[in-house]
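Hello,

Here is the structure for you to look at. My notes on it follow below.

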Amino acid sequence: MSGRDRYSRFAPYVPVAERRRKAEAKAKQMAKSGRVLSPVRIAGRQIATTFWGLQWCANLGTYSDYANRLPRGRTYAGNGSIIDLQIADGKVSALVMGSSLYKIEIIISGLPAASWKQFKERCADRISSLLDLLQGRLDKSVLEEITRRPGGLFPGPREMKFSCSCPDGALMCKHVAATLYGVGARLDTSPELFFTLRSTDMQELISAAGANAAVAPAGPSSGDLNEDDLSALFGIEIEAAPAPKKSTKAAKKTPPKKTPGKKAPAKKQAAADKIKASPKNGAPSKKARASAPAASPLHRPSRS
Ligand SMILES: [Zn+2]
């Protein structure tokens, strides 16, 4: 009993190795039945190693009300207990193996419109490209604006609501805490999901910078999307975006004209559209799209 904290009194203790074995078995079983899972696998000792992932985890560390829950969740996230984690617009869904398999849902408020507007006004012309933004290769003053607590871009504890199917689910249980750290790990490989989670469009930062370009000359790579870099570093699919749902009638009446002489710009535009479309629609990754978060009844429209 001595190794158990007072919060785990509801369920029997399951050793890590057994939990991991159960997690793997359950994941295999679900995969066999056609469910596409997106597990959190941590290679080293750190949950995250890149800017957005690191800052996400650092932000969690400031949730003093949950200080006694977070370390346990961090351990869970690190040892393969999260067999599925999906990030959509303002929502995280996960399956975490504890003494049984538990279902977790975390709803995160969109960044308040006023805060986002203010951030764009202060910082957009100091962010030279999406690649720099996603890599955290940013001006010191921009980094400060992003990571300021409170008032930056990261959510405070009161900006999230969570639930877990475990007996301890009313409080922040270790499964919810694990899921929160799982988000940090996911941001390491898909930093663009941060903006999805906060219901903001990162592309607006680049657009806003472009609008200010006449006033303040931007850097040499301003607005330049290096497709190879983006896809290699962040797993963003660089491919033709699906046709927008709106204006299908118009599209049928006036099929797009073929301009053979403009192949390269068309391709680049498609890639830019894809990137632009992804975060706002909330399903930028193959994984997230596979479980159709956009079709979820909890999918929220963009903040008004
Ligand atoms: Zn739980």
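Gly34 comes after helix H1 and has a positive phi, near 100°. H1 itself covers residues 16-32, 17 residues in total. From first C-alpha to last, H1 reaches 24 Å, close to the 24 Å expected at 1.5 Å a residue. That expected span is 1.5 Å times one less than the number of residues in the helix.

Please keep in mind that this is a predicted model: local features need pLDDT of at least 70, side-chain atom pairs count only at pLDDT 80 or more, and totals for chains, interfaces and linings use all residues. Residue numbers start from 1 along each chain as its sequence is written.

Overall make-up. The chain holds 13 helices and four strands. Helices (H or I, at least four residues) and strands (E, at least two) are DSSP runs, numbered from the N terminus. Of the 304 residues in the chain, 37% are buried. Buried means that 20 or more other C-beta atoms lie within 10 Å of the residue's own; exposed means 12 or fewer, partly exposed is in between, and C-beta atoms are placed from the backbone. Take the contacts with a separation of 6 or more: 76% of them join residues 24 or more positions apart. A contact needs C-beta atoms, placed from the backbone, within 7 Å.

The sheet. Four strands form an open, antiparallel sheet, in the order S1-S2-S3-S4. Strands count as paired if DSSP finds at least two bridges between them. At the edges are S1 (82-88) and S4 (160-164), each pairing on one side only. Neighbouring strands are turned by 10° against each other on average, direction ignored.

S2 (residues 91-97) and S3 (residues 101-108) are joined by seven bridges. A hairpin of three residues links S2 to S3. Val96 has Tyr102 as its bridge partner in S3, and Leu95 stands opposite Lys103. On the S4 side, five bridges join S3 to S4. There, Ile107 stands opposite Lys161.

Which side chains of S3 are buried? Tyr102, Ile104, Ile106 and Ile108 are, and they point to one face.

The core. The largest nonpolar core has 59 residues. Such a core is a set of buried Ala, Val, Leu, Ile, Met, Phe, Trp, Tyr and Cys residues joined through C-beta atoms within 7 Å. Trp56, Ala77, Ile82, Val96, Ile104, Val176 and Tyr181 have the most contacts inside it. Helix H7 (residues 174-189) gives the largest share of this core, eight residues. H7 also lies across S1, S2, S3 and S4, at about 65° to S1. Axes are lines fitted to C-alpha atoms, for helices over the stretch in contact; angles run from 0 to 180 degrees between N-to-C directions. Leaving aside neighbours within four places in sequence, Trp56 is in contact with Ala48, Phe154, Val183, Gly184 and Leu187.

Two backbone details. Most residues other than glycine have a negative phi, and most peptide bonds are trans. Ser199 is not a glycine, yet its phi is positive, about 55°. Ser199 sits in the loop between H8 (193-197) and H9 (203-211). Ser199 is buried, with 22 other C-beta atoms within 10 Å. The peptide bond from Arg149 to Pro150 is cis, with omega near -5°. Pro150 is in the loop between H6 (140-147) and S4.

Best wishes

Conventions
Contact = placed C-beta atoms within 7 Å.
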